[in-house]
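Good morning, and thank you for making time for this presentation. Please have the sequence and the structure before you as I speak.

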Amino acid sequence: MKKKVLALVLAAAMASSMATSVSVFAEAATATVADLPAEAQFEPNADYDEYTVVEYTIEDIQADLVCTVSTNKDHTEFYLECNFYGDDQMTKTTYDGKEYTVEEDKTGFMKGDTPAILDKALEQNIWVPIGDAAASDDAKADDKKEIKGVTEDQLPAEPMFEANKDYDKWTVVEYTIEDIQADLVCTVSAKEDNSEFYLECNFYGDDQMTKTTYDGKEYTVEEDKTGFMKGDTPAILDKAIEQDLWVYFDNGADDADAADAEATDGAAATAADLPAEAQFEPNKDYDEYTVVEYTIEDIQADLVCTVSTNKDHTEFYLECNFYGDDQMTKTTYDGKEYTVEEDKTGFMKGDTPAILDKAIEQNIWVTIEK
């Protein structure tokens, strides 16, 4: 029982810390209404600087909400509105970077769910300027190179395959083959006019690829690497066109990503920014490190891992402790696949890729002092 309570406490701490990290280190480029996950049911509050829309389900009663969340620039105060079973809901909440405090709750019903909704707002990180802030951002945009489409951080998932640079633009599509409940994350590269598509994904360990032409009415699959994906390709491409989140190769979108990367490198994190205190010293043979909190779900084992890496993230050195045994893995990464070269106990090889994925996703790297 104590172990289960500890796991819940650690999970809550991690969620709070991760929300803070997203706000501080992964600030997205200004979004537009078209980038929001759903149409707003409530106008944003003009007393704030920016807003987003959050789709949220109250699980125990299966109530689906579409919430408008308005906030100030530093995300210390939130104004949330939604409708639940015909009643308009509103909460006003302050946030100190660790804990939410609901100051007002119009109906008294939403106080319990508000922190989870705000966590989701911070995690999805799609903020549209409100009023004067929008006008100010528009003025700034006039001085910058125009960015077509979106930036990579606005895609629905991290790509598992590099985009094909023989095309003009690309996106990521999450897709489920329903009859066998197989979840795919597909990279779809396309011509500017959507007349040709190049799709890559992985299904049960096999890399899939299809090349497809489109006349505006019908898809024709010209190539299918394994012969497996021809039937599902049209539905995946329909979803790519419908979500309309394209990253372009030939314009300011890639330049902006490069600039963001340089800015991130220039403002390195400190140990205080990490989601937990390191239990192992970083490996000084590497350039930077982070700390990852990870749970081995089937046995509910909570780990705090120190992950050291080189600048280009092609090699990782992971240390943690599991049930009293010190663990270590050394792993190489080619941008698509992890290869565990060493595993001290033989236990961690299976979980290492997921831990490293989380390290890259949270993107909080502290420079290692030599």
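A charge is said to sit over a ring if NZ of Lys or CZ of Arg is within 6 Å of the ring centre and within 35 degrees of the ring normal. By that criterion, Lys191 lies over the face of Tyr167, at 5.0 Å from the ring centre. Likewise, the charged end of Lys169 is placed over the ring of Trp246, 4.5 Å from its centre.

Let me state the basis of these values. The model is predicted, so local features need pLDDT of at least 70 and side-chain atom pairs count only at pLDDT 80 or more, while totals for chains, interfaces and linings use all residues. Residues are numbered from 1 along each chain as its sequence is written, and side-chain values use heavy atoms, with hydrogens and water left out.

I turn to the aromatic residues. Rings of Phe, Tyr and Trp (its six-membered ring) pair if their centres lie within 6.5 Å; planes under 30 degrees apart count as stacked, over 60 as edge-to-face and the rest as tilted. How many aromatic pairs does the structure hold? There are 15 aromatic pairs. One of them is the stacked pair of Phe84 and Phe109, at 4.6 Å centre to centre and 15 degrees between the planes. This pair links distant parts of the chain, 25 residues apart: Phe84 is in strand 3 (residues 77-84), and Phe109 is in the loop between strand 5 (100-105) and helix 2 (114-124). Helices (H or I, at least four residues) and strands (E, at least two) are DSSP runs, numbered from the N terminus.

For accessibility, buried means under 20% relative accessible area, exposed over 50%, and partly exposed in between, with a 1.4 Å probe and protein chains only. Phe84 counts as buried because its relative accessibility is 10%, whereas Phe109, at 37%, is partly exposed.

Why is the pair of Tyr167 and Tyr198 called tilted? The ring centres are 6.0 Å apart and the planes stand at 40 degrees, so the pair is tilted. Tyr167 lies in the loop between helix 3 (132-142) and strand 7, and Tyr198 in strand 9 (residues 196-203), so the pair ties together parts that are 31 residues apart in sequence. Both Tyr167 and Tyr198 are buried. Elsewhere, Phe78, Tyr95 and Tyr100 make up one aromatic cluster.

Two strands pair if DSSP finds at least two bridges between them. The sheet is open, with six strands in the order 17-16-15-14-13-18 and antiparallel pairing. Its edge strands are strand 17 (338-343) and strand 18 (366-367), each of which pairs on one side only.

Strand 14 (residues 301-309) is mostly covered, with eight of its nine residues buried. It runs antiparallel to strand 13 (residues 288-296), to which nine bridges join it; Glu293 has Val304 in strand 14 as its bridge partner. These two strands form a hairpin with four residues between them, and Gln300 in the turn has a positive phi of about 50 degrees.

On strand 14's pairing with strand 15 (residues 315-322), there are four bridges, again in the antiparallel sense. Here Ser308 has Tyr317 in strand 15 as its bridge partner. Five residues separate strand 14 and strand 15 in their hairpin, and His313 in the turn has a positive phi of about 55 degrees. Strand 13 is also joined to strand 18 by two bridges, running antiparallel, and Tyr289 is partnered with Val366 in strand 18.

Positive phi values deserve a remark. Most residues other than glycine have a negative phi. Gln181 counts as exposed because its relative accessibility is 53%.

Just after helix 2, Asn125 takes a positive phi of about 55 degrees; the buried residues of helix 2 include Ile117, Leu118 and Ala121. Helix 6 (residues 352-362) is followed by Asn363, with a positive phi near 55 degrees, and its buried residues include Ile355, Leu356 and Ala359.
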